[in-house]
Amino acid sequence: MGKEISTLENNLSKYVGRSFCVSVSSGTDAVYLALKGIDIKPGDEVITTPLSWIATANAIKMTGANPVFCDINDDLNLDPTSVKKLINRKTKALLSVDYTGNMADYSELNKIVKEHDLKLVEDGSQAFGAEYKGQKCGSFGKVSAISHNPMKIFGGLGEIGSVFTNDEDIANKIEILRYNGTVNKEFLKYPSLNFRADSLNAAFLQNRLKRLPRLLKR
């Protein structure tokens with residue numbers, strides 16, 4: 001939690017175009033904390049894609065909620081028509097995964113969440129730097145999660161992730177959850193674990209951010 005963390009968070013939030021960025025220990029943890037940040041609880045259902053790694057379903061399950069898999073389109077992302085068929089009273093959120101660099105149909109997905117009073121969580125780990133209708137990956141939905149695993153487009157030295165939102169309350173909650181649920185290391189607000197990001201990794205990513213346009217072009 002050195003100064004490199006806050007520097008990276010500030011620059012990533014500017015790059016993506018969101019009010020808040022919270023750095024965490026991995027992309028999987030970013031998805032999990034994004035779900036916790038929007039109060040996904042045991043018994044809830046989260047509609048998501050089956051075309052992802054197991055981390056997607058695990059993050060949902062670890063909140064106590066149940067993943068519900070829907071169909072995908074030819075672009076390998078969530079099919080909005082399939083999503084609509086699966087919504088019921090237990091449905092609380094959609095978890096979209098921008099697969100192999102392709103952005104999901106966020107125009108339709110946002111219409112669905114507004115119509116049914118749901119939350120949209122975007123996992124843009126494989127599409128960081130991409131845009132959908134002029135809007136950058138990581139800026140869609142109520143909250144977005146990005147992995148900076150070395151295999152990803154914007155990868156670090158090891159495991160590290162980011163959570164983006166425009167909601168200050170959600171950002172504050174995730175900041176508390178990443179440090180064992182404590183405020184000022186003393187007052188426990190939520191039972192949680194250690195999801196802090198590494199300062200050395202953050203410094204490395206800060207340097208790579210300057211080179212990201214060249215990397216994306218290549």
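1. Starting with helix α7: S199, N201, A202, L205, Q206, R208, L209 and L212 are buried there (under 20% relative accessible area, 1.4 Å probe, protein chains only). These buried residues pack against α1 (3-16), with contact meaning heavy atoms within 4.5 Å.

2. Ground rules before going on: this is a predicted model, where local features need pLDDT of at least 70, side-chain atom pairs count only at pLDDT 80 or more, and totals for chains, interfaces and linings use all residues. Residues are numbered from 1 along each chain as its sequence is written, and side-chain values use heavy atoms, with hydrogens and water left out.

3. Back to α7, residues 199-217: its 19 residues reach 28 Å from first C-alpha to last, close to the 27 Å expected at 1.5 Å a residue (1.5 Å times one less than the number of residues). Helices here are DSSP runs of H or I, at least four residues; strands are runs of E, at least two.

4. α7 also bends by about 55 degrees at R211, with a proline, P213, following within four residues. That bend is the angle between axes fitted to the seven residues ending there and the seven starting there.

5. Now the sheet: 7 strands form an open one, ordered β1-β9-β8-β5-β4-β2-β3, with mixed pairing (two strands pair if DSSP finds at least two bridges between them). β1 (20-24) and β3 (66-69) are the edges; each has a single partner strand, so one side of each lacks a neighbour in the sheet.

6. Inside the sheet, β5 (119-123) and β8 (143-147) pair in the parallel sense over 3 bridges. In β8, S144 is the bridge partner of E122.

Conventions:
Buried means under 20% relative accessible area, exposed over 50%, partly exposed in between (1.4 Å probe, protein chains only).
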